[in-house]
Amino acid sequence: METTLLSSVPEKTLEGWPDWSILIVDDEQGMLNFLVKTLAPRCHFVMSASSAEDGADWLRGHHVDLVILDISLPGKSGVVWLKELREQGFTGEVILITAFADLDTAIEALRAGASDFILKPFRVPQILNAVKHCYERSRLRRENFVLRRAVASPPGLSETLVGQSPAIQHMRASMTRIASVDSTVLLQGESGTGKELVARALHAQSSRASGPFVPVNCASVSPDLIESELFGHAKGAFTGATRARDGLFHYAQGGTLFLDEIAELPLSIQATLLRAIEDLKIRPVGSEQLVPLNLRIIAATNRRLSDEVASGRFRKDLYFRLQVVELLLPPLREHKEDIAELVAHFMAQLAPSLGMEPLQITEQEMGFLSQYGWPGNVRELRNLVERSLILGTLNVSALYPGGTASARDSQEPLPTDLHTLEKRHILNVLESVQGDKTRAAHLLGVSRRTLERRVAEWSGG
């Protein structure tokens, strides 16, 4: 029988699932009409089909969040099709409905992968409650995924922007304006300047604050896996894909997707990302389905994307699409007047978790901190405070190793040129770890790529 499409703009969002797409499969036209009339005003769109075969044909090219499925259908039964859907990797919710049911039927339905089971005839509140419960299950599943990623990630720099310098006050004012709109944001700044912190703050101040914040470091994912990680994949999409998997775009629905180190994306994936941003739809790897998007994208990089475009390593059209709004985060050396407040903030934040007493910083020690160039920016300062709390004294020697191991008592004058200070510190740290650039980068609070670029600048000098 012919499949009918009914599309509408939700009239009210009270039930909480206005972005959902629903497929109803039932051979009783009266039941189809009843369900479409009930759900269409409350959802993104409702699709109806009169058989499992018609529903399967439509699902091959389209995405739905929920299937409401009658058990007794002409041809393939609802339970048989549900088993096939789960085997093929369908991860959406399924409500089974029937006029004839016993305990064995209900058990079989749940074993087949049904989210809920309703006996006909039912009233409007019953079906709405069932859909609401399915929506909550789906939301909790996404939240659990996001929380597991957050627990597995390293702790953030801090929970808020700290400082009263003109640079930080200007940043706060810009964030307040940007948070109120839904435009794509590009954050640029050196490693350790707090780009993820700013992204989280923008999310928290936006209308999407109740939705998930999903961060992904594009440099930490293998180029062979990044497309599947972002967009998901269908069962059998590639060798080893034994089951379908949702991507990070799926888990960020209704919230914010933060693409850190965006410059590290392979050119082929840049084209796919551009299409997703422009069309507000994604296609999982190996799937024919187009999945509509409802999220905000914030991208970040420690490189100048304009230089990456000029060198052919980044697509110009994607660069322009990302920089609808652009924020440049200042390095710590440009707002050193905030160092004292940052140190106090990190002391208050870290001391309780480490079980240590906060340190008293002398004026001379604060002078050493202010004189230093901070190549790792705020992240390096936070690492220094944490090490100092563990050692029980401000670890100034970590900034000026070698001949100035006891910098607070040394009479040797320190260089005032920031470039010389930075170079001396980085080379001393490299020497202390026998040239291990990965460990040195960790101690400095910068990425290995950033460290290698700095060292390359000095080669032959």
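This is a predicted model: local features need pLDDT of at least 70, side-chain atom pairs count only at pLDDT 80 or more; totals for chains, interfaces and linings use all residues.
1. Helices here are DSSP runs of H or I with at least four residues, strands are E runs of at least two, and both are numbered from the N terminus.

2. Residues are numbered from 1 along each chain as its sequence is written, and side-chain values use heavy atoms, with hydrogens and water left out.

3. Now the confidence. pLDDT is the predictor's confidence in each residue, from 0 to 100; its mean for the protein is 83, and 87% of the residues reach 70 or more. Over residues 1-14 it stays under 50, and the model gives that stretch 32 contacts (heavy atoms within 4.5 Å) beyond four places in sequence. Residues 154-158 are also below 50, with 13 contacts beyond near neighbours in sequence.

4. The overall picture: the protein has 18 helices and 13 strands. Of its 461 residues, 51% are buried, meaning under 20% relative accessible area, using a 1.4 Å probe and protein chains only. Among contacts with a separation of 6 or more, 72% join residues 24 or more positions apart.

5. Back to α13, which covers residues 339-354. Its 16 residues reach 21 Å from first C-alpha to last, close to the 22 Å expected at 1.5 Å a residue (that is, 1.5 Å times one less than the number of residues). Its buried residues include Ile339, Leu342, Val343, Phe346, Met347 and Leu350. An α-helix has 3.6 residues a turn, so residues three or four places apart point the same way. The buried residues of α13 pack against α14 (363-371) and α15 (377-391).

6. Have a look at leucine 359 too, in the loop between α13 and α14. Leucine 359 is buried, at 16% relative accessible area. Beyond its neighbours within four places in sequence, leucine 359 touches Met347, Ser388, Leu389, Gly392, Thr393 and Leu394.

7. Last, a helix pair. The axes (lines fitted to C-alpha atoms over the stretch in contact, with angles from 0 to 180 degrees between N-to-C directions) of α6 (residues 166-179) and α7 (residues 195-205) come within 9 Å and cross at roughly 45 degrees. On the α6 side, the contact is made by Met175, Thr176, Ile178 and Ala179; on the α7 side, by Val198, Ala201, Leu202 and Gln205.

Notes. Buried means under 20% relative accessible area, exposed over 50%, partly exposed in between (1.4 Å probe, protein chains only).
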